Protein chains: 2
Amino acid sequence: MRVALVGVGLIGGSIGLAARGRLGAHVVGCNRSPRALEIALQRGAIDEAVGSIAEIGTADVAIAGVAIDALPATVRALCEALPDAVVTDVGSTKAALVGGIERANFIGGHPLAGAEATGVAHAREDLFEGATWYLTPRDATPGVLYERLARFVAGLGAVPTAIAPDDHDRLMAVVSHLPHVVANLLVAQAAEALGGETLPATGPSFRDATRVAGSNPELWAQIYTANHAALGAQIDDLVRRLGEVRGLLDARIANDLAAWQDVAAQQRRALLEVGLGAAGVDVREVRAVVPNKPGVVAQIALALGRAGINISDMSLAPEADNRTGMIALWLSAADAERATGLIAELGYPAS
Amino acid sequence: MRVALVGVGLIGGSIGLAARGRLGAHVVGCNRSPRALEIALQRGAIDEAVGSIAEIGTADVAIAGVAIDALPATVRALCEALPDAVVTDVGSTKAALVGGIERANFIGGHPLAGAEATGVAHAREDLFEGATWYLTPRDATPGVLYERLARFVAGLGAVPTAIAPDDHDRLMAVVSHLPHVVANLLVAQAAEALGGETLPATGPSFRDATRVAGSNPELWAQIYTANHAALGAQIDDLVRRLGEVRGLLDARIANDLAAWQDVAAQQRRALLEVGLGAAGVDVREVRAVVPNKPGVVAQIALALGRAGINISDMSLAPEADNRTGMIALWLSAADAERATGLIAELGYPAS
């Protein structure tokens, strides 16, 4: 397998290390800074360095790991130069990018992995171990390309999860971007309220709540900008909710406040419990005969992703008539029945 | 020393354990639930149990460790029954309580210590080790009573810090109550946005930001109610700040967003660095001659508290003329010069 990496920073470099170490891939790297390419070669994150996308030649998988601003141009150049490759990116927001690029061989991606440190010097082969890796297939996405990319991502140690670009951006706005905004504001508010006073030796609650305040300003300015629509909507929603709490405070009815607090406890438990489990689960195979046409694999992957069902592995095989194909999915035994039902709902008999 | 504890829960029980273990005090306990008194006796948190405040007899220090709702009545009863004791409480908000009780022998208190678990069964002798313990002396507070209480609190392992009730409530609203409100809202928003979907295997940022969501509903309903004014003002301030961020997002000027993110990074560093240090510091004595009248000790303690200067220990001695007295304060060497200046500014020559 031949992998092309454009941008060998923390994420690109870690993809290179894992693709070489775990999948035995031949990795070609391309980067604006020759110094990063040198380090990537030294660290074994790439096999060879090239000066431009045109020099890559061919690839099975091509990944744009550049800054969000530079993604549209880089993805377009990769789709054009490598028509047989499945092209993906690793940007933190998806709707604007995916909406602007109508190429059949591009599938947006976003691994939920990272670290405080940036740059290829901090790349690690195990960076993606167990991490959710979002993929945004579309109706026009050929099933074989989605299969190739999902398998590649799973081979790096991650859990490929299909999601619609808008859902992705709304989800990230809620679980990541809004908490970053709020952390910044809590810090600013405390700094102003305290003036020159000492922060009291409190419990860890304030530290925890503001741990991500001020993370990597250049990166976050790009994330806020790219996801401004979904993040703006969540900010409006938070303002509305703060107004409701203001009402509860003004009324000062102890039972109502306690009930509100209690709902939050239940919601947090439900949210975090759901994310657990998974390791060492019993895997089942679900098979379905599907029409041999674009969009079907994306449709199935998205339906299962929405239901919180992880696909451990998948394989596609055309039937003899070449108009239908067999799709085999490996899922946890607990999810198998639900998945069979969901696939049947889409009109494909599954077993 | 004789200590009276009304309410032997986690905090009251821990005060009992520390007062007996570290100060050799005789501790008398009183509690609505006889079962809690039994456990307190078994665990060595109290020496004797009494059925009512009237049966306590005498005490040097009396602590109301009951629920916030029950504090005003309990504190008043203690001030009346034990006129020679310094009476204090351990409630999380101060302005409403302290404003409503005009007794010279009451000084409000709030140790910044606690745990997930409640009840005397979880009490620990070292619960207050290194914790900030706010005290709210007033103009009418006799210096000897403040000295006695500050020494008692320091003897339990805590760092007594004088603060005005309004400043205390504003500070707690910012560093504790508002982060709790926001954690609840982030969880509610995520629960709604996710619907039945799985929370993705994210980094720890969402977990960190929402760790305190839904903490102890009954206790927090009382805290929100007691501090509704200061917390309401901070909520309004957060809404205003969210509006500003909305403006930054709408404008999408990368430099402005990066600058905003960068300020948050600096503010967080400044806030958290300030709270460090302190252990094993070089201690100096600062002495001042002050008029022998109420309010002077409170005035000095508040001025130093506002400046972030911790008083490790203090002692008061009347001069021969009985109209003035000598106050000796032990502070870190780094703070000694600043403290001398601040005390001199109040009109008391210090050295």
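**Entry 1: chain A as a whole**

I started by counting elements, and chain A has 12 helices and 11 strands. Helices here are DSSP runs of H or I with at least four residues, strands are runs of E with at least two, and both are numbered from the N terminus. I noted that this is a predicted model, where local features need pLDDT of at least 70 and side-chain atom pairs count only at pLDDT 80 or more, while totals for chains, interfaces and linings use all residues. Residues are numbered from 1 along each chain as its sequence is written, and chains are lettered from A and ligands numbered from 1 in the order in which they are written.

Next I looked up the overall size of chain A. The radius of gyration is 23 Å, close to the 20 Å from the globule rule for 351 residues, so chain A is as compact as a globular protein of that length. (The radius is taken over C-alpha atoms, and the rule is 2.2 Å times the number of residues to the power 0.38.) Along its principal axes, the C-alpha trace of chain A spans about 70 × 55 × 35 Å.

I also checked burial: 49% of the 351 residues in chain A are buried. A residue is buried if 20 or more other C-beta atoms lie within 10 Å of its own, exposed if 12 or fewer, and partly exposed in between, with the C-beta atoms placed from the backbone.

Then came contacts, where two residues count if their C-beta atoms, placed from the backbone, lie within 7 Å. Among contacts in chain A between residues at least 6 apart in sequence, 73% join residues at least 24 apart.

**Entry 2: where A meets B**

How many residues of chain A are in contact with chain B? I found 80 residues of chain A in contact with 81 residues of chain B. On the chain A side, the elements that give two or more residues are H6 (165–194), H7 (205–209), H8 (217–226), H9 (228–251) and H10 (254–274). H6(A) has the largest share, with 19 residues. By type, this side of chain A divides into 46 nonpolar, 21 polar and 13 charged residues.

**Entry 3: symmetry**

A rotation of 180° with 0.0 Å of shift along its axis superposes chain A on chain B, at an RMSD of 0.1 Å. The two copies are therefore related as by a two-fold rotation axis.

**Entry 4: a sheet in chain B**

I traced an open sheet of five strands in chain B, in the order S3-S2-S1-S4-S5, with parallel pairing. Strands pair if DSSP finds at least two bridges between them. Which strands sit at the edges? They are S3 (48–50) and S5 (86–89) of chain B, each pairing on one side only. Neighbouring strands of the sheet are turned by 20° against each other on average, direction ignored; the axes are lines fitted to C-alpha atoms. S2 (residues 26–30) and S3(B) pair in the parallel sense over three bridges. I picked out one partner: Cys30(B) bridges to Val50(B) in S3(B).

**Entry 5: a helix and some residues**

Is H8 (residues 217–226) of chain B enclosed or open? Seven of its 10 residues are buried, so the helix is largely enclosed by the rest of the structure. Among them are Trp220(B), Ile223(B) and Tyr224(B).

I looked at Arg252 in both chains. Most residues other than glycine have a negative phi. Phi of Arg252(A), though, is positive, near 50°, and Arg252(B) has a positive phi of about 50°. Arg252(A) lies in the loop between H9 and H10 of chain A and counts as partly exposed, with 13 C-beta neighbours inside 10 Å.

Last, I visited Lys293(B), in the loop between S9 (283–291) and H11 (296–306) of chain B. Lys293(B) is 152 residues from Thr141(B) in sequence but 9.3 Å away in space, C-alpha to C-alpha.

How values were computed. Nonpolar A, V, L, I, M, F, W, Y, C, P; charged D, E, K, R; others polar. Least-squares fit on C-alpha atoms with pLDDT ≥ 70 in both. Axes fitted to C-alpha atoms, helices over the stretch in contact; angles between N-to-C directions.
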